Structure formats: structure tokens, C-alpha cells
Amino acid sequence: MIKKLNTLFMKYRFISALFILLLTGLTCTKSGANNTPAPNPSPTAFFAKGADVSWLTQMENAGIKFYNSSSTETECMQLLKNIGMNSIRLRVWVNPVGGWCNTADVVTKATRAKNLGLKIMIDFHYSDSWADPGKQTKPAAWAAQDVATLQTSVYNHTLTVMNALKTNG
């Protein structure tokens, strides 16, 4: 019995050694061959470095100015770009008081950002004011809507904003 186990063990050792030699022979190159690895392809991932500038037109309307580190007045989005930002986020509300962050205001800011080569992220609040996980107030115009009508209103608002952005570049 022990003799059979030894013979079997030797066969498996021989087959394993043969397999390793065969595998090594197939994966190794000749000593004179070019062993330089191929360069890694350029990364295609985009890392957004940016800020939410939804308040910008309202602040500018109030006379707020922005300055660089040399105390030179600089347009805010240009200033952000100059310090390494590549993206901006804009919130959009349905029917906000004063019109800030409505569709037209968002399109204005998005156009400015696009002209500077900045990426744009749109943040739909589906409210007339701030909305966050702890506060989800429906727009006043949608308050009495049933679920089916509310779905249509959300769809139409989203489509209107996206089409306005697309139409304006």
C-alpha cells in the first residue's frame, strides 16, 4: 500500500514539475528580446474639482465683487478656474422667489461656465427653495397635485430645464 502511495505521489510530483516547466517556457522571452513593458494608456477618468456657484448671479446683482490673491478684481468663475477648479454645480428650483436659480438664471450661469471650459453639474431641487434629505417641500404650484400629475410636472420641469440648457449650448 505504501509503495502504491509513493508511486502515485511521484507521478503527481513529476506531472506538477512538468507543468511548471512548460508554463515557464511559454511565458518567458529570449534574453535579447525587448523586455520594456508597454506604457499604460492615458487615464480617461475625470475628477471634478469644483464649487456650487448657484448664488453667483444674486451676489453679483447685490454688488459683490471677487478678487484674486493680487487684489485684482476677477470674475468669480474665472477666478475658480484660475485656482484649479474644472467644474461648477448649479442648483435649479421650480419657481423661486426673486427668480434666482430658476431655469433662465441657471442657463445664464451654465453658459458662462461653458464659455470658460468648465464642466457643469445640475442639481435639481424640485422645490421653490432649498431641498435636502431632511426637507422636501414641493413647489407651491405642485402642492395639491396627485401622484400622476406630480410625476408629469417633475418630468416636464426636468425636460424644460435640460432643453433650455441644450438650446443654449
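This is a predicted model: local features need pLDDT of at least 70, side-chain atom pairs count only at pLDDT 80 or more; totals for chains, interfaces and linings use all residues.
**Cysteines.** I looked for disulfides and found zero in the structure. Cysteine 76 comes out at 5% relative accessibility, so I put it down as buried, the cut-off being under 20%. Cysteine 101 is buried as well, at 2%.

**Helix H4.** I wanted to know whether the end-to-end length of H4 fits its residue count. H4 runs over residues 103-115, which makes 13 residues. At 1.5 Å a residue the span should be 18 Å, and the end C-alpha atoms are 18 Å apart, so the two agree.

Next I went through its ends. At the start, a side-chain oxygen of asparagine 102 gets to within 3.2 Å of the backbone nitrogen of alanine 104. After the helix comes glycine 117, with a positive phi near 80°.

Which residues of H4 are buried? I noted Thr103, Asp105, Val106, Val107, Lys109, Ala110 and Ala113. I also looked up what lies over them: the cover includes helices H2 (56-61), H3 (76-82) and H5 (147-167), plus strands S2 (87-92) and S3 (119-124).

**Arginine 91.** This residue sits in strand S2. Buried or exposed? Arginine 91 has a relative accessible area of 6%, so it falls under the 20% cut-off and is buried. I then listed its contacts, leaving out residues up to four places away in sequence: Asp52, Ser54, Trp55, Cys101, Val106, Asp123, His125 and Trp130.

Definitions and conventions:
Residues are numbered from 1 along each chain as its sequence is written. Side-chain values use heavy atoms; hydrogens and water are left out. A disulfide is a pair of cysteine sulfur atoms within 2.5 Å. Buried means under 20% relative accessible area, exposed over 50%, partly exposed in between (1.4 Å probe, protein chains only). Helices (H or I, at least four residues) and strands (E, at least two) are DSSP runs, numbered from the N terminus. The expected span of a helix is 1.5 Å times one less than its number of residues. Contact means heavy atoms within 4.5 Å. A polar contact is a pair of N or O atoms within 3.5 Å; within protein, one must be able to donate a hydrogen and the other to accept it, and residues adjacent in sequence count only if both atoms are side-chain atoms.
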